[in-house]
Amino acid sequence: MKKTNLLGEITPKQFLQTYWQKKPLLVRQAIPGMSALLSRETLFDLAIRDDVESRLITNFRQQWKMQHGPLSQLPKPNQKNWTMLLQGVNLHDDEADKLLNQFRFIPDSRLDDLMISYATDGGGVGPHFDSYDVFLLQVHGKRRWRISAQKDLTLEEGLPLKILRNFIPEAEFILEPGDMLYLPPHYAHEGVAIGECMTYSVGFRAPAWQELGERFLEFMADSIDLPGRYTDAGHLSQQTPAKISDHLLETVTTELSKLASTPEDIAIFLGQHLSEPKSSVFFEPPERALSPAKFIAAIAKQGLKLHRKTRMLYRSRYIFINGESFQPGATDRKLLMSLADEKMLSATDLKSASHDLLESLHAWYCEGWIVVNQRENLSSETKQ
Ligand code: SIN
Ligand code: CO
């Protein structure tokens, strides 16, 4: 993994021990010379698209309003007090994806996305808290952050967005381009733009137990196999017609207890669930897909890489890609683990790929999950 100065003097290990999920960290000049990766016009163009999650938040005449995208009409940049949020920009832009990759000292299984906010003077989303860990990187203009460890997280009622009722700031910082503020979940904060401002939020999700439980039951429902049916020959002797008999209850209990999950079920579920792209994500197959033979010849020369939308994880014998699980042989598994970690395989790596794996890679390529490295990129595609 490439060395990062993102955390200033602090090593990723120290950060994870001392700050991660515990307390805020302000890093001045985490990325010196940082400027916006996407222009204001590019952001506005993204906001119009229906495959990009966007929101417009205005606070005109001291009234909070929120509108979900696509946003074909935005207030003028010289109008104060509005902000536009674009979720998942890393899915649509290579530079944004590369920036996100600098945060891989935190496992991919925790990564959510890169959100970009554009705000005019005075713009912001009000005092609030998030359920996510977030790195707030200032990339254009200035933003004043006020933060608080307060325990009172009561929200105002009747507003279109989550605004804290009693925000009592304990610290204040003005961030300039390149500065970054890390906040753990449930840490109260408010960011207000000073002039035109762009902030990138790198968010890390923590699964909520309820949601995980519901998804797990859906996963189990897809794979249950309980043959047979209840029989009660010789067991119907009750005088009370409405009562559920002991025999019925006991038999059902025995059958349903066969549904208990194994640790392997849970591992497969987790890998599939965490590698599942969000429902708004669509992959684009190549316009003119290469035949299997041409594809294999191309990657044998140029290597391949994951498409930036692809999520790939692994655990013991299993490889997970975009919500699917595979159990390849040992040599292929090593290659795929390397693909998941490095997000690429070189031509040399691919020499040991089995025929089955090459077939799967072709199928993934046809789905738009992986791409053949471009010749001109080869020199810069060295492994980190
Ligand atoms: C923003 O960048 O405007 C909002 C980010 C946040 O407070 O989480
Ligand atoms: Co926030």
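Predicted model: local features only at pLDDT ≥ 70, side-chain atom pairs only at ≥ 80, totals over all residues.
1. Let's start at L256, which sits in helix α5, spanning residues 246–256. L256 is partly exposed, with 48% relative accessible area. This leucine also belongs to a nonpolar surface patch, together with I224, L226, V252 and L259.

2. The mean pLDDT of the protein is 94, and 97% of the residues reach 70 or more. The stretch to treat with care is 379–384, where the pLDDT is below 50. Beyond near neighbours in sequence, residues 379–384 have ten contacts in the model.

3. Now the overall build. You will find nine helices and 15 strands in the protein. Along the principal axes, the C-alpha atoms fill a box of roughly 80 × 65 × 45 Å. Of the 384 residues, 42% are buried. The accessible surface comes to about 21500 Å², and carbon and sulfur atoms account for 52% of that area. Among contacts with a separation of 6 or more, 78% are between residues 24 or more positions apart.

4. The largest nonpolar core contains 42 residues, and the ones with the most contacts inside it are L7, F15, L43, M84, L114, F135 and Y200. At least two residues of this core come from each of the strands β1 (25–27), β4 (82–86), β5 (111–119), β6 (133–148), β8 (180–183) and β9 (188–204), and likewise from each of the helices α2 (40–48) and α3 (94–101). Another core, of 26 residues, lies apart from this one; L306, A340, L358 and Y365 are among its members.

5. W82 is in strand β4, and it is buried, with a relative accessible area of 0%. M337 is 255 residues away from W82 along the chain, and the two C-alpha atoms are separated by 44 Å.

6. On to charges: how many salt bridges does the model contain? The count comes to 17. One of the pairs is K278 with D113, whose closest N and O atoms are 3.9 Å apart. This pair links distant parts of the chain, since K278 is in the loop between α6 (263–275) and α7 (292–302) while D113 is in strand β5, 165 residues apart. The aspartate, D113, is buried at 5% relative accessible area, whereas K278 is partly exposed at 31%.

7. E190 and R146 form a salt bridge too, with 2.8 Å between the closest N and O atoms. R146, at 22%, counts as partly exposed.

8. E255 forms a salt bridge with K258, and their closest N and O atoms are 2.7 Å apart. E255 is partly exposed, with 29% relative accessibility, while K258 is exposed at 52%. Finally, take a look at R40, E41 and E196, which are linked in a network of salt bridges.

Methods: Residues numbered from 1 in each chain as written. Chains lettered and ligands numbered in written order. Heavy atoms only, no water. Patch = residues over 30% accessible without salt bridge, like charges linked within 9 Å, V, L, I, M, F, W, Y side chains within 5 Å. Areas by Shrake-Rupley, 256 points an atom, 1.4 Å probe, with all protein chains shown as cover. Salt bridge = Lys/Arg side-chain N within 4 Å of Asp/Glu carboxyl O. Helix = DSSP H or I, 4+ residues; strand = E, 2+ residues; numbered from the N terminus. Buried < 20%, exposed > 50% of the residue type's maximum accessible area, 1.4 Å probe, protein only. pLDDT = per-residue confidence, 0-100. Contact = heavy atoms within 4.5 Å. Core = buried A, V, L, I, M, F, W, Y, C linked by side-chain atoms within 4.5 Å.
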